[in-house]
Amino acid sequence: MQLRVDWCGICGTDVEEWLSGPEWIPVDAPHPITGARAPIILGHEFAGRVAAVGDGVAEPQMGQRVAVDTIVFCGTCHWCRRGEVTRCPQLGGLGLHGDGGLAELCNAPARMCLALPDTVADDEAPLVETLAVAVRALRRGMLRPGEQVAVVGAGAVGLMAVQAARAFGAGGVAVVEPIAARRSLACRLGADRAVPADDAAALQADVAVESAGRPDAVATAVRALRPGGRAVLIGLGTRPVSVLPMDLVGAEKSIIGSLSHVWDTDFRIALGLMGRGAVQAAPLVTDRIPITAAVSAGLELLRDEPEKHLKILVRPGGTR
Ligand SMILES: [Zn+2]
Ligand SMILES: [Zn+2]
């Protein structure tokens with residue numbers, strides 16, 4: 001179906017593609033599912049209204065507001081048949097492997113377009129994607145009610161992880177974050193306490209979510225765990241990290257990777273959490289800009305002063 005995009009968020013992945021890419025965007029051969037290759041329209045965090053519907057599509061309907069999961073997969077391989085689509089060898093995403101939401105109009109399969117409840121505002125809806133990343137991380141970390149959670153890095157995903165952990169019944173949520181303003185925002189959104197990295201070992205968390213995207217944050221996440229704890233990594237880091245095997249083996253800690261989100265589990269859960277007000281998105285939006293400023297007031301600011309911006313939203317249709 002075709003969507004008229006209301007707002008599209010940008011994040012570090014977009015900055016990487018713009019600065020040092022193509023990292024994910026296919027250049028030589030078209031992506032096997034989307035058939036697209038560079039140049040590709042960025043934007044993988046977006047929501048909009050249905051502007052055209054393909055033949056035989058019953059839902060969602062014309063004009064309906066939807067958030068877009070964006071993940072494409074083959075649907076027939078071993079992993080897809082098990083519902084573990086993030087392991088599909090043909091995995092891709094709109095905005096990286098096919099045209100995304102930084103455009104007035106965007107085509108997406110109907111399956112990806114989940115109807116938005118009225119309680120989620122237009123300029124909150126793109127953050128369902130951000131929340132879905134955090135939801136998956138906590139699910140991969142097998143968080144059980146009553147357990148302690150540490151979130152390393154209170155950026156947009158980290159602040160979503162704080163709120164999702166609360167909603168999932170965590171016994172306590174701590175944040176490891178160097179920026180004071182983010183520490184206080186994390187506490188406003190449900191964290192019990194926020195500490196600098198040096199104090200991480202005192203946290204004794206069952207699940208630590210590494211959402212800082214820096215190599216040293218992995219060791220911090222492991223240090224924040226109690227014996228038997230699980231550290232979940234979200235960031236697609238390309239630099240080596242150093243963790244002493246002894247620190248893992250001695251206390252039987254685990255490191256778990258968590259990639260993106262799955263439409264019918266993580267994304268749907270995220271939509272439900274935001275719809276019933278268990279998670280707030282508005283406090284995470286620091287900038288709303290027209291698409292004409294997407295580079296100068298968007299990507300450049302995320303590159304030059306990332307500490308000053310959480311979620312930057314772009315309005316592809318201008319400043320309506
Ligand atoms: Zn993103
Ligand atoms: Zn597959």
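Trp18, Leu19 and Val295 form a nonpolar surface patch, with about 250 Å² of accessible area together. Patch residues have over 30% relative accessible area and no salt bridge, and nonpolar side chains are joined within 5 Å. Areas come from the Shrake-Rupley method with a 1.4 Å probe. A salt bridge puts a side-chain nitrogen of Lys or Arg within 4 Å of a carboxyl oxygen of Asp or Glu.

This is a predicted model, in which local features need pLDDT of at least 70 and side-chain atom pairs count only at pLDDT 80 or more. Residues are numbered from 1 along each chain as its sequence is written.

Val295 is found in helix α9 (residues 295–304). Helices (H or I, at least four residues) and strands (E, at least two) are DSSP runs. Val295 is partly exposed, at 37% relative accessible area. Buried means under 20%, exposed over 50%, and partly exposed in between.

| Bond | Form | Omega |
|---|---|---|
| Gly21 to Pro22 | cis | near 0 degrees |
| Glu59 to Pro60 | cis | near -15 degrees |

Pro22 lies in the loop between α1 (12–20) and β2 (45–52). Pro60 is in the loop between β2 and β3 (65–68).

Thr70 is not a glycine, yet its phi is positive, near 75 degrees. Thr70 sits in the loop between β3 and β4 (71–72). Thr70 is buried, with a relative accessible area of 1%. Ser260 also has a positive phi, of about 55 degrees, although it is not a glycine. Ser260 lies in the loop between β13 (254–257) and α8 (263–275).

How values were computed
Chains are lettered from A and ligands numbered from 1 in the order in which they are written. Side-chain values use heavy atoms; hydrogens and water are left out. Patches are made of residues with over 30% relative accessible area and no salt bridge: like charges are joined within 9 Å, nonpolar side chains (Val, Leu, Ile, Met, Phe, Trp, Tyr) within 5 Å. Buried means under 20% relative accessible area, exposed over 50%, partly exposed in between (1.4 Å probe, protein chains only).
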